[in-house]
Amino acid sequence: MVKHIILWTLDQKLSEIQKEEVKKGIKEGLESLCGVVPGLLDVKVIIDGRLSSSNCDVMLDSTLESEEALKGYAIHPAHVKVADTKVRPYTIGRTCLDYEI
């Protein structure tokens, strides 16, 4: 199995109200992919409870069956649609850690 962890920083030009709406959209969009993308076993998007010591705004914590499943997830049309409409337009920073478990 593979863990796929992403941390995003939202665009600072967004108002606090816009940031909350964007975070909800990212969470809903990515969590809806479980059961849609083959090999995607679990998805959690963390948008609440952020402490002042944090330097990012949103975290994706996902588990996939294999590295091959991760590669398929990256290009799956449903994932690409969420990334292109709910994530990329509103983020200015992305950090990724993929590892086997």
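Modeller: One definition to start: patches are made of residues with over 30% relative accessible area and no salt bridge, joining like charges within 9 Å and nonpolar side chains (Val, Leu, Ile, Met, Phe, Trp, Tyr) within 5 Å. This is a predicted model, where local features need pLDDT of at least 70 and side-chain atom pairs pLDDT 80 or more, while totals for chains, interfaces and linings use all residues. Residues are numbered from 1 along each chain as its sequence is written, and side-chain values use heavy atoms, without hydrogens and water.

Colleague: Which residues form the nonpolar patch on the surface?

Modeller: Met 1, Leu 41, Leu 97, Tyr 99 and Ile 101, with about 490 Å² of accessible area together.

Colleague: What makes Leu 41 partly exposed?

Modeller: Buried means under 20% relative accessible area, exposed over 50%, and partly exposed in between (1.4 Å probe, protein chains only). Leu 41 has 40%, so Leu 41 is partly exposed.

Colleague: Is Cys 56 buried or exposed?

Modeller: Cys 56 has 16% relative accessibility, so Cys 56 counts as buried. Cys 96, at 36%, counts as partly exposed.

Colleague: What is Cys 96 in contact with?

Modeller: Contact means heavy atoms within 4.5 Å. Leaving aside neighbours within four places in sequence, Cys 96 is in contact with His 4, Ile 5 and Ile 6.

Notes:
Accessible areas come from the Shrake-Rupley method with a 1.4 Å probe; for residues, only the protein chains shown count as cover. A salt bridge is a side-chain nitrogen of Lys or Arg within 4 Å of a carboxyl oxygen of Asp or Glu.
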